Each structure stands twice: as structure tokens, then as C-alpha cells.
Amino acid sequence: MAKHWWKALAVLLLLYTIIAGFLVKIPVIENNEQSTRNLFFHVPMWISMYTLFTISVVNSLLFLNKYDLRKDILASSAANVGILFGLMGFVTGSLWATYTWGGTITNDPKQISTAVALMIYLAYQVLRMSINDLDKRARVSAIYNIFAFAMLIPLTYIIPRMVDSLHPGSATSPGFKSKDTDGTLMMVFYPAFTGWTLLGVWIYTLRVRYKRLELKNIFK
């Protein structure tokens with residue numbers, strides 16, 4: 001039971017995030033108004049996505065080093081869950097844009113480049129499904145996964161900060177000021193960041209267990 005303490009922590013933190021996230025008093029930040037509450041969902045989901053994609057690419061590198069199919073299971077499972085959190089982050093961001101940018105899907109560079117990054121990872125899943133041979137699938141997808149991760153940071157972080165964008169943190173739209181985000185916002189944001197990340201890792205471990213059961217004849 002002791003080894004599952006972090007799962008209980010994830011549940012408690014997410015319950016706190018949901019309850020406090022909708023009830024806590026928040027500052028009025030420019031035209032965000034009550035949509036600022038999405039900070040407790042949208043941003044932590046992206047952080048969880050980055051964490052899972054990092055786990056994925058590390059295991060792809062380890063697979064290419066020793067060609068251990070167990071590492072391929074870890075890499076693909078982390079990528080699967082990372083895509084889930086990436087899509088949730090994209091949806092929550094699009095909903096936020098509806099109220100602050102005037103449109104759910106826009107031609108904003110941040111939104112476009114993020115969609116491209118997610119499509120690259122969705123293509124990773126299509127690639128895996130198109131190859132039946134386990135060894136070949138693992139080798140090809142590991143190389144592709146490294147390429148996908150190499151594109152992830154420029155597309156979702158570097159390029160959007162260099163061009164004009166409505167998204168906070170871009171060249172023409174600065175991020176929230178520290179005076180706006182201190183106090184009550186951070187009292188919810190940090191637990192939300194931890195809780196959503198732990199949830200992502202939890203789902204990842206369940207996915208790994210499922211894949212190992214599915215391929216148990218290979219790993220006897």
C-alpha cells in the first residue's frame with residue numbers, strides 16, 4: 001500500500017484543484033476575467049504532456065542502445081498518454097481562446113504550431129499501427145520518436161515566442177506578470193501541476209501493464 005502513496009496524492013491534489021480552481025478568488029487579468037481559471041487545467045496538462053514525451057524519447061534512445069523490446073513498450077505507452085494530455089491541453093486552450101481571442105480555432109501561430117506538433121505525434125501512432133513486425137516497428141518508431149521530440153520544443157515553445165501571437169509569452173504578447181499570478185493563483189497552480197503530472201504517470205503505468213499482459217508470451 002505504501003508504494004501507491006503517490007496515486008492517493010494525485011487524487012487529493014486533483015480534487016483540490018477542481019474544487020479550489022472553481023471557487024478561489026482570482027485577479028482580473030486584462031480580458032481574461034473568469035477564464036483565467038483555465039490556468040489550473042490548460043497549462044498543467046501541457047506540463048504533463050512534456051513529461052510523458054520526455055519519458056517516451058528517453059526509452060526510445062535506450063531501446064536503440066540495447067534493442068530491448070521492453071523499452072519500446074515504455075516509449076510507446078508514454079507517447080500514447082502524452083498525446084492524450086496534449087489533446088486535452090489543446091482543447092482547453094482552444095476553449096480559452098474562444099473567450100479571449102474571439103474564436104476557438106484561429107490562425108494564431110501558437111495554435112497552429114501546436115496542432116502541427118500533435119499531428120506529428122499522431123503520425124507516430126499511425127506508423128506503429130502500419131508495421132506488423134515487432135522488431136521493425138520498434139526500430140522505425142524509435143527513430144521517428146526522436147525526430148518528433150526534436151520538433152516538439154521548437155514548435156510549441158521556441159517559434160511561438162519569436163513571432164507575433166495572441167498567446168501570452170510571445171514576442172508581442174507578454175506572459176502574466178508575477179504580481180498577477182502570485183498569491184491565490186499559485187496556491188492552486190502548483191498543486192494542479194503536480195496532480196495532473198502524477199495522473200499522467202499513473203495512466204502511463206496502467207498502459208504499460210496492459211501492453212505487457214498483451215505481449216506476455218514474448219516476455220516469458
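Predicted model: local features only at pLDDT ≥ 70, side-chain atom pairs only at ≥ 80, totals over all residues.
I then took the axes of the two helices, H2 at residues 42–66 and H5 at residues 134–162. Their axes come within 9 Å and cross at roughly 145°.

Next I listed the residues that meet. On the H2 side I found ten names, Met49, Tyr50, Phe53, Thr54, Ser56, Val57, Ser60, Leu61, Phe63 and Leu64. On the H5 side I wrote down Ala138, Arg139, Ala142, Ile143, Asn145, Ile146, Phe149, Leu152, Ile153 and Thr156. I sorted the residues of this contact into 14 nonpolar, five polar and one charged. I kept a reminder that an α-helix has 3.6 residues a turn, so residues three or four places apart point the same way.

I moved on to the loop between H2 and H3, where I found Tyr67. Its phi is near 55°, a positive value in a residue other than glycine.

At the start of H3 I checked Asp68. One of its side-chain oxygens reaches to within 3.0 Å of the backbone nitrogen of Arg70.

I then compared the length of H3, residues 69–100, with expectation. At 1.5 Å a residue its 32 residues should span 46 Å, and the end C-alpha atoms are 46 Å apart, so the two agree.

Last, I opened the unreviewed UniProt entry, which annotates "transmembrane region" at residues 47–65, 77–99, 111–131, 143–163 and 183–206. I looked up two of these spans in the model. Residues 47–65 are 100% helix and 0% strand, with end C-alpha atoms 27 Å apart. Residues 77–99 are also 100% helix and 0% strand, and there the end C-alpha atoms lie 34 Å apart.

Note on methods
Residues numbered from 1 in each chain as written. Heavy atoms only, no water. Helix = DSSP H or I, 4+ residues; strand = E, 2+ residues; numbered from the N terminus. Expected span 1.5 Å × (residues − 1). Polar contact = N/O pair within 3.5 Å; in protein donor to acceptor, adjacent residues only side chain to side chain. Axes fitted to C-alpha atoms, helices over the stretch in contact; angles between N-to-C directions. Contact = heavy atoms within 4.5 Å. Nonpolar A, V, L, I, M, F, W, Y, C, P; charged D, E, K, R; others polar. UniProt positions renumbered as here; feature names shortened; annotations may be inferred.
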